[in-house]
Amino acid sequence: MRSEVPPPLRRLARYCGIKTWYFDNYGRRCHAPAETLLGILRSLGVAIDDAEQAEAALADERRKRWDTPLEPVAVAWEGEPARIALRLPEDRAGDLVHWTLRTEQGGEVGGTLAAEALPTRLRAELAGRRYLLKHLPLPDALPAGYHQLSIRLEPREPAASGRRSKRSRPAPAADALIIRAPGRAYDAPDVNPGNAWGVFLPLYALKSARNYGAGHFGELSRLADWVNSLGGSIVATLPLLAAFLDEPHEPSPYAPASRLFWNEFYLDMESIPELERCPEARRLLEAPEFAAAAERFRQERIVDYREQMRLRREPLAALARAFFREPLPTRRLAFEQFLERNPAASDYAAFRAAVEKSGSWHGWTGSRRDGLLTSADYDAEARQYHLYVQFVAEEQVNALAERMRRGGPGLYLDLPLGVHPDSYDVWRHREQFAHGVSGGAPPDEFFSRGQNWGFAPLHPRRIRQTQYRYVIQTLRQLMRQAGMLRIDHVMWLHRLYWIPQGAAATAGTYVHYPAEELFAILCLESHRHRTRLVGEDLGTVPEIVRRAMTRRGLARMYVMQFAVHGAAGRPAIDPVPAGAVASLNTHDTPTFAAFWEALDVEDRLAMDLVDAAGAEELRRQRDAIRHALRGQLALSPGEDERARACAAAMKHLAAGPASVVLVNLEDLWGEREPQNTPGTHLERVNWRRKGAVALEELLARDDWRALLSEIDALRRARRSG
């Protein structure tokens, strides 16, 4: 039985963008308890201690909004009239509105309008004072970009000398960011005519006979060349962003140390230019101890990030010392250009060095905690190391992306929803995050206890107040390299499930985000970087989200595993939406072999997510699905049914209307273990399992080449048709 929420608290929560109830995955109406609403309100910056203060807090929130002439951000879509909402007290309705618009390109326009001549859209009265909502027109010929609007209100006639009146108050002034954006995200018919295909594999899982125990950027390039030779144009992988691989230790690519920098773990050390001029680094790499450790790591099934990074650190540090001691003129110039493109790199390097010296910034005090580091706070050589590896990582990712774009979209990267709580981003951009809460997901049929992801979500008000600077930086970091970018948990553009600190994952609720402005940024940046966008819209996603994705040109995801049925009288496989990115599974789901053999059911039973009766029912459902798939995929009886079913399912997708078909390479060899089991941060070995087949064998297998060539032929036939 839920505790009753007082009506004033419900009204305050709704006004602040908090859902007081939502429908869960079973269609049940779930109400947020008062404690949840109060905790989230406080994390949003609302001054409230208990429910009795809700009415006064609501009046204060309304007053603050109506006393603000302009919203901090407004969207002006290309091809639509450009207008911005203007709020002003009724007693200033006769004022003049002086406005100036400075474009991103350096131009400036402005003018003066009579406020009374602007159409009134809404009237309001608060605490005895009346307000008007009007629309201020902007030039229709605005170029695409981020533009700064400034307005100032001025009385038509100054007050009489020696007398003070209401009209003699300081003239209100305000500024706003105007986002002029294309109506749809970038599409690339000139680069790739659609009906493309590619492969997926986490880079850490890319095993080979030559690496040091995990894949690197150079081997990803080799894989891309092989895919291109078969007609494919895309290689997808998990996030490659900076990570904490020592203390704190977090290997998950979805809890990065920053969304603004790369993970040096994936550097191809043998391709670093300084290696030729650094005898110390060559000696370390050629030492018998290094070779023995690398061979041991190659033989292990699980990636030991801590030990592997420790092995790589010493030669990388030697390369950094050699570079800063005496860089070649061309390398010095390249480094200076890197710093110009990445002005935060020095700050990030100092932060990482300070963490190595003093631990998590949550334990820091004084100016260090507040974002001011001095040379006494870190080891200078450690700072140089982190700066150097970012320089080299950007070079290698740039080269990889440029090479891959020649054959089509190329690199398909992933924007994680959050960052690690100890991350550089939360330390440096603390005001951009909501504190005292965590992002997560409510209970559903897979995770009956809900999920708490443990990261601070972006603050919907403050990202607007800072004009989305951090959001834009994170997008640019990835779009500079990605021909395609997947937006993790795309529903967050509209709303995200928040859980107050100390509460169970079942006690959260949703908080709304400024979707229109976020879509505008995505559309604008995707055009600037020629990056196609994909929204991860799996699971329980409100229809409004998918309608917005369609309207703004973000591709949907289609995962066959979620689209198969065993019911009589209907097709076994739901049709693929035109333009979707289609695959058999994802990194968060069972592989095809595990799904076919219902191994995921046994896993859910072992994790106590279903009881014995529920597991038996799931097994019956899976039997029915297999039977239905045999019919729709026209599988004949015989040996190795699972492998033939997998190949038939891949070809079914390839023949369909998806814009992109992704082949999980692990399905080629029938992998049964998932890369990640959501909700099992400690219970499972996630984000560490290497592929069972080495890169050399993958490139040499004629049967897999033949299957992918068939997929390419089906894609080409679809394209020409």
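Which side chains meet in a salt bridge at 2.5 Å, N to O? I looked this up first. The side chains are those of Arg-63 and Asp-60. I took a salt bridge as a side-chain nitrogen of Lys or Arg within 4 Å of a carboxyl oxygen of Asp or Glu.

I am working on a predicted model, where local features need pLDDT of at least 70, side-chain atom pairs count only at pLDDT 80 or more, and totals for chains, interfaces and linings use all residues. Residues are numbered from 1 along each chain as its sequence is written, and side-chain values use heavy atoms, without hydrogens and water.

**Salt bridges.** I searched the whole structure and found 59 salt bridges. Arg-63 and Asp-60 both sit in helix α3 (residues 54-66), 3 residues apart, about one turn of the helix. Helices (H or I, at least four residues) and strands (E, at least two) are DSSP runs, numbered from the N terminus. I checked accessibility next: buried is under 20% relative accessible area, exposed is over 50%, and partly exposed is in between (1.4 Å probe, protein chains only). Arg-63 is partly exposed at 38%. Asp-60 is partly exposed at 29%.

I then looked at Arg-130. Arg-130 forms a salt bridge with Glu-90, with the closest N and O atoms 3.9 Å apart. Arg-130 lies in strand β8 (residues 129-137) and Glu-90 in the loop between β4 (83-89) and β5 (96-102), so the pair ties together parts 40 residues apart in sequence. Glu-90 is partly exposed at 31%.

Glu-671 pairs with Arg-689 in a salt bridge, closest N and O atoms 3.3 Å apart. Both residues are in the loop between α21 (665-668) and α22 (695-700), 18 residues apart. Are these two buried or exposed? Glu-671 is buried at 6%. Arg-689 is buried at 2%. I also noted one network: salt bridges with shared partners join Asp-60, Glu-61, Arg-63, Lys-64, Asp-67 and Arg-461.

**Helix pair.** I fitted axes to C-alpha atoms, for helices over the stretch in contact, with angles from 0 to 180 degrees between N-to-C directions. The axes of α9 (residues 345-358) and α11 (residues 380-405) come within 8 Å and cross at roughly 130 degrees. The two are therefore oblique; under 35 degrees is roughly parallel, over 145 roughly antiparallel, 65 to 115 roughly perpendicular, and the rest oblique. With contact as heavy atoms within 4.5 Å, residues of α9 including Tyr-348 and Arg-352 meet residues of α11, among them His-386 and Leu-387.

Glu-289 is in helix α6 (residues 288-299). Glu-289 is exposed at 59%. Glu-289 and Leu-311 are 22 residues apart in sequence and 9.8 Å apart in space, C-alpha to C-alpha.
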